[in-house]
Structure formats: C-alpha cells, structure tokens
Amino acid sequence: MERRSFIKGFAGLALCPVCAGAAAAGEPHWGYEGGEGPEYWGKLSEEFRACAIGRGQSPIDLDHPQRADLPKLDPRYAAGFPRIANNGHTVQIDAAPGNRLVVGEDVYDLIQFHFHHPSEHRLRGRRFPLECHFVHRGTDGGLAVLGVLLARGRANGAFETILAHAPQQAGASAALTGLDISGLLPDAGRYVRYSGSLTTPPCSEGVDWIVLTTPVEVAETQVARFAALYPNNARPVQPRNRRILRET
Ligand SMILES: [Zn+2]
C-alpha cells in the first residue's frame, strides 16, 4: 500500500517518471561515466536524492528468492510499436495504446520498452549481455516493469528489427515497422518479483519489478551492435537491504 501512495506522489512531477525515459525539460544531465555516473546521481539534483539515500533501489542480484504462489503473467502486446528513439541513455521503443500486461487480476498499460547493456539485474550472481525493460503503468498510477534477460546464443529476429531501425544519433527517433515482439518474450513464465526503483534518475521507489528467469537468446554480433551505440548503460547492483524476493 505504501508503494501506491508514493507513486501517486511522484507521478505529478515534471520529471519523466519512467525508467530511462526521454530527458524532460530541466532534468540535470546524467550518464554512466565519470562525474555524471551512477555514484554521483544522488548529488546532481535534489530530485535525484533517492539514488543516494533510497533503501529500496534497483537493480539487485536476484538471489535466494522465496518460493511463492504468484499470479500468472499474460503480456498482451498486439497493439503494436510505432516509434523507436535513441534518447541519449538507451534505445527506446514506444508502445501504441492498448498493449497490456495482465498479472492475475491486475492490468497494466505498457508505455515503452528499452535496453540495458550489460544486464542490470543479476540472476544468482550471473550477469547477462543485455536486459530489456517493459515499463507499465497500473490503473492506480503505479509502475510495474517486466524485465527480460538476453543471453548469448542464436540471432534474435525482434532485436534485429530494433537494431535495423534504431537511430544512430542521440535525440533522434524514427518510425518502426515489422516488429514481432514475441521474440523478446520467453515461453516460460517463471519470474522473480520484488519492490524496487527506477534504475535511472530520479531513482523513484515503489516500482513493482517482475523479472523473468528464463532468458531469450541474442547473437554476439547483435550485442556488439548495441554496444557500439551504448558501451555501458547499466546501473551497478544496489544493496538488497531487508527486501523479500518472491519466485514462482
Ligand atoms: Zn531500464
């Protein structure tokens, strides 16, 4: 319940409240290297304070989860993805209205998805070459992010479509066609769920994280092409503190 009231509070801020969203007007510059890197985010702006002092930050190592009876996931992303942007922090794909994630009885609207290289979450200590974040908003305004880990293997058709359309220049966007989103969603629906934060400034907490524990495959050459755009756009693992992880 605390999560819901907190999210309502920050949803009204001028800052872009979604993970790695396009920089909103007035947002201080931040990045992944040097004096604008993750260890300084909390000092760059008063609005970014949670990055430094938050006790429920993301990402984390998904280790020692508790077995739980969690609701079934049902991503319904058939409404399409009309636009792709290089926003200076990542490659982001905007969702058309009508894409939804159903979690038991709860329904979340998909806003966008984007990528991090290497993965932000670790799975029992293991880091993956890429992680995809599907960012949703619930009817109460709260955010839920579905994380998908990408492991080295066969070429991924969906990721190929994204690489072929992604603008090379930061700040540019383009139309996106021909994306078969199923290539980024593993068949197995097992996942770990915990309460965390945005992994980019303002690092707001109260984000409902759902990370699938079965990766999808991506070719090494595809990883390299993303890395040519973003050599490192992953926040380091944060302290878990006393948070409970639940796993299906
Ligand atoms: Zn993200």
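View 1. Cys132 has a relative accessibility of 0%, so it counts as buried (buried means under 20% relative accessible area, exposed over 50%, and partly exposed in between, using a 1.4 Å probe and protein chains only). A quick word on what you're looking at: this is a predicted model, where local features need pLDDT of at least 70, side-chain atom pairs count only at pLDDT 80 or more, and totals for chains, interfaces and linings use all residues. Residues are numbered from 1 along each chain as its sequence is written, and side-chain values use heavy atoms, with hydrogens and water left out.

Now for the linked pair. The link between Cys51 and Cys203 is right-handed, with 95° about the S-S bond. Cys51 sits in helix α3 (residues 50–53), while Cys203 is in the loop between β12 (191–197) and β13 (205–212), so the pair ties together parts that are 152 residues apart in sequence. Helices (H or I, at least four residues) and strands (E, at least two) are DSSP runs, numbered from the N terminus. Both ends are tucked away: Cys51 is buried at 9% relative accessibility, and Cys203 is buried at 0%.

View 2. Look for Thr161 in helix α4, which covers residues 157–165. Is Thr161 buried or exposed? With a relative accessible area of 15%, Thr161 is buried. Skip its neighbours within four places in sequence, and you'll find Thr161 in contact with Leu176, Thr177, Gly178 and Leu179; contact here means heavy atoms within 4.5 Å.

View 3. Helix α5 runs over residues 220–229, and its buried residues are Gln222, Val223, Phe226 and Leu229. Why do these buried residues line one face of the helix? Seen down the axis of α5, they fall within an arc of 110°, so they line one face; the arc is that of the directions from the helix axis to the C-beta atoms. On the face of α5 turned away from the buried side, you'll spot the exposed residues Thr221 and Ala228.

View 4. Side chains of opposite charge can pair when their charged atoms come close. The whole structure has nine salt bridges, each a side-chain nitrogen of Lys or Arg within 4 Å of a carboxyl oxygen of Asp or Glu. In one of them, the side chains of Asp109 and Arg100 meet at 3.0 Å, N to O. Asp109 is partly exposed, with a relative accessible area of 36%, and Arg100 is partly exposed at 36% too.

**View 5. Glu247 and its two arginines.** Glu247 forms a salt bridge with Arg124, their closest N and O atoms being 3.1 Å apart. Glu247 lies in strand β15 (residues 246–247) and Arg124 in the loop between β8 (122–123) and β9 (130–138), so this pair ties together parts that are 123 residues apart in sequence. Glu247 is buried at 4%, whereas Arg124 is partly exposed at 44%. Glu247 also meets Arg190 in a salt bridge (3.7 Å, N to O). Salt bridges that share partners join Arg124, Arg190 and Glu247 into one network.

Definitions and conventions
Disulfide = S-S within 2.5 Å.
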